[in-house]
Amino acid sequence: MKNILSPLFILLTLSLNAQNPGDIIITEVMQNPMLVTDDMGEWFEIYNATTESIDLNGWMLTDLGSNEHLISESVLIEAGQYAVIGNNSDMSTNGGLSIVYSFGNDYNLANGDDEIILSFNGTIIDEVSYDGGPLFPDLNGISMALNPQFLTAQANDQGENWCPSTEPYGDGDLGTPGSENSACSTHTSDLIEISDISIYPNPCSTNLLNIKSKGTDFPLVTIYTFEGQQLLQTKLKTTTVDISFIEAGSYLLNLQFGSNNYSQKLVLLK
Ligand SMILES: [Ca+2]
Ligand SMILES: [Ca+2]
Ligand SMILES: [Ca+2]
Ligand SMILES: [Ca+2]
């Protein structure tokens, strides 16, 4: 009798241990992809903070609105690993990332404020309520990433522990889906406000693009194709940048002010 029950007891114990609050931590959110539509490329990243693999089978994804999705298949997240779940598993149409599970279209990530609530049997394992700007990063085509110094289910409740991603993935949106986030180099309160920057004309049909910011420093300007190829990188010394050699098309413009980044889509007409 004992020999039969012991392995069962161990299995039961392991599975219960693997479903406590904080065992899985939400670490990155792409609520507003730029290079693909939102219904094709929203995703978020989770981290298994335990020393056991965790199966998400039976877990619920909800928000404080009407979104509700039950994960009803085995989705194993290995101990100490990051994994991405999103609304579209097709790399050719989701922005070029690999996800372990697709929740399809019955769960979505609003571009303003929204909540991601992961629960199992009524116990919330982790939740993040992002606020669409006051405290959490709120950008287009750039994921919000939890500072890896604050890798807990409690610390990710605070918007100031998140910052915008700075590295391109897949087709060229910025984020680190499936891998550890880069450290946030500055406090969120120092981050660039969109209202502090003007980039014009955009769409642009002239050879010079104007980039003005309220800050004292000129930015490092980088222009990427949506495939992630860098076409131009220059530290501005004036408020204009020569883009005459770049052909017509849509690009990703990144401005780096010290350790802060700002990105937006740039359209060139010739
Ligand atoms: Ca939602
Ligand atoms: Ca969205
Ligand atoms: Ca949390
Ligand atoms: Ca990441």
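## Burial and overall make-up

Of the 270 residues in the chain, 38% are buried, meaning that 20 or more other C-beta atoms, placed from the backbone, lie within 10 Å of the residue's own. This is a predicted model, in which local features need pLDDT of at least 70 and side-chain atom pairs count only at pLDDT 80 or more, while totals for chains, interfaces and linings use all residues. Residues are numbered from 1 along each chain as its sequence is written, and chains are lettered from A and ligands numbered from 1 in the order in which they are written.

You will find two helices and 19 strands here; these are DSSP runs numbered from the N terminus, with helices being H or I of at least four residues and strands E of at least two. Among contacts with a separation of 6 or more, 61% link residues 24 or more positions apart. A contact here is a pair of residues whose C-beta atoms, placed from the backbone, lie within 7 Å.

The largest nonpolar core has 38 residues. Such a core is a set of buried Ala, Val, Leu, Ile, Met, Phe, Trp, Tyr and Cys residues joined through C-beta atoms within 7 Å. Ile24, Val29, Phe44, Ile46 and Ile85 have the most contacts inside this core. Strands that each supply at least two of its residues include β1 (24-30), β2 (43-48), β7 and β10 (123-130), and β1 gives the most, with five.

## A four-stranded sheet

Four strands form an open sheet in the order β16-β15-β18-β19, with antiparallel pairing; two strands pair if DSSP finds at least two bridges between them. At the edges are β16 (230-235) and β19 (260-268), each pairing on one side only. On average, neighbouring strands of this sheet are turned by 20° against each other, direction ignored.

Inside the sheet, five bridges join β15 (residues 220-224) to the antiparallel β18 (residues 249-257). Val221 stands opposite Leu255 in β18.

## Met91 in its loop

Met91 sits in the loop between β7 (82-86) and β8 (101-102). Why is Met91 partly exposed? Because 13 other C-beta atoms lie within 10 Å of Met91, and partly exposed covers the range between exposed (12 or fewer) and buried (20 or more).

Beyond its neighbours within four places in sequence, Met91 is in contact with Gly96, Leu97 and Ser98. The C-alpha atoms of Met91 and Met40 are separated by 9.9 Å, and these residues are 51 apart along the chain.

Definitions and conventions
Two residues are in contact if their C-beta atoms, placed from the backbone, lie within 7 Å. Axes are lines fitted to C-alpha atoms, for helices over the stretch in contact, and angles run from 0 to 180 degrees between N-to-C directions.
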